[in-house]
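Trainee: Could we go through this structure together? I would like to learn where the labels come from.
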Amino acid sequence: MKRILKPVTYILAAIYFLVDAVFMAVARPISAWLARHFEFKRLRAWIKSLPPYPSLALFSVPVIILEPIKPVAAYLVATGQFLSGMAAFVGCELLKLVLVERLFHLTRDKLMRIPAFAWVYGKFTEMRAWLQATEAWRAIRALSRAAKDFVVRARARLAGGFGRPVTSRD
């Protein structure tokens, strides 16, 4: 049984980390933009002043509130409301990741003082490193870079095309 469950677990973990990586690729720039444009100095100071366990409680709030949206989104998709379900899933997942990323950035040192959190985070980083070392990950990254380069070139061609004067051939 263990031989059967181990590959299934790795496959599910790989899928989870791939989806998470895709969302984080979008969430990190949003989070950085928010940090640059909205100071929230008093809120930031309050968050930084929290001891480790209240920091952990605050860190888990976005997950506790926004994670239940996934089954609701799945229900919407299953009942034929595909766009509503996908919008709910993507929007809530991005919001959750942005909030978690910002909170982790502010409370990382305190969270690492909690032995169980530090252990789980260590296992998470090990799993992510293992996944990123796989051939599949490298292939997906190469495809992702190629797609990004294509979009950049297409955008540059479109921008160049709009810069030329319009002439009529009538």
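Mentor: Gladly! Let us start with lysine 96, which has a relative accessible area of 7%.

Trainee: Why is lysine 96 called buried?

Mentor: Buried means under 20% relative accessible area, exposed means over 50%, and partly exposed lies in between (1.4 Å probe, protein chains only). Lysine 96 has 7%, so it counts as buried. Before we go on, this is a predicted model, where local features need pLDDT of at least 70, side-chain atom pairs count only at pLDDT 80 or more, and totals for chains, interfaces and linings use all residues. Residues are numbered from 1 along each chain as its sequence is written, and side-chain values use heavy atoms, leaving out hydrogens and water.

Trainee: What makes glutamate 67 and lysine 96 a salt bridge?

Mentor: The rule asks for a side-chain nitrogen of Lys or Arg within 4 Å of a carboxyl oxygen of Asp or Glu. Here the N to O distance is 2.6 Å, so the pair qualifies. The two partners are 29 residues apart: glutamate 67 sits in the loop between α3 (52–66) and α4 (69–78), and lysine 96 in helix α5.

Trainee: Which residues does lysine 70 pair with?

Mentor: Lysine 70 meets glutamate 67 at 2.9 Å, N to O, and its closest N and O atoms with glutamate 93 are 3.3 Å apart. The link to glutamate 93 joins helix α4 to helix α5, across 23 residues. Glutamate 93 is buried, because its relative accessibility is 8%. Through shared partners, Glu67, Lys70, Glu93 and Lys96 form one network.

Trainee: What makes a group of residues a nonpolar core?

Mentor: The members must be buried Ala, Val, Leu, Ile, Met, Phe, Trp, Tyr or Cys residues, joined through side-chain atoms within 4.5 Å. The largest such core has 9 residues, including Ile47, Phe59 and Leu103. Its largest share, 5 residues, comes from helix α5 (residues 82–111). Helices here are DSSP runs of H or I with at least four residues, numbered from the N terminus.

Methods. Helix = DSSP H or I, 4+ residues; strand = E, 2+ residues; numbered from the N terminus.
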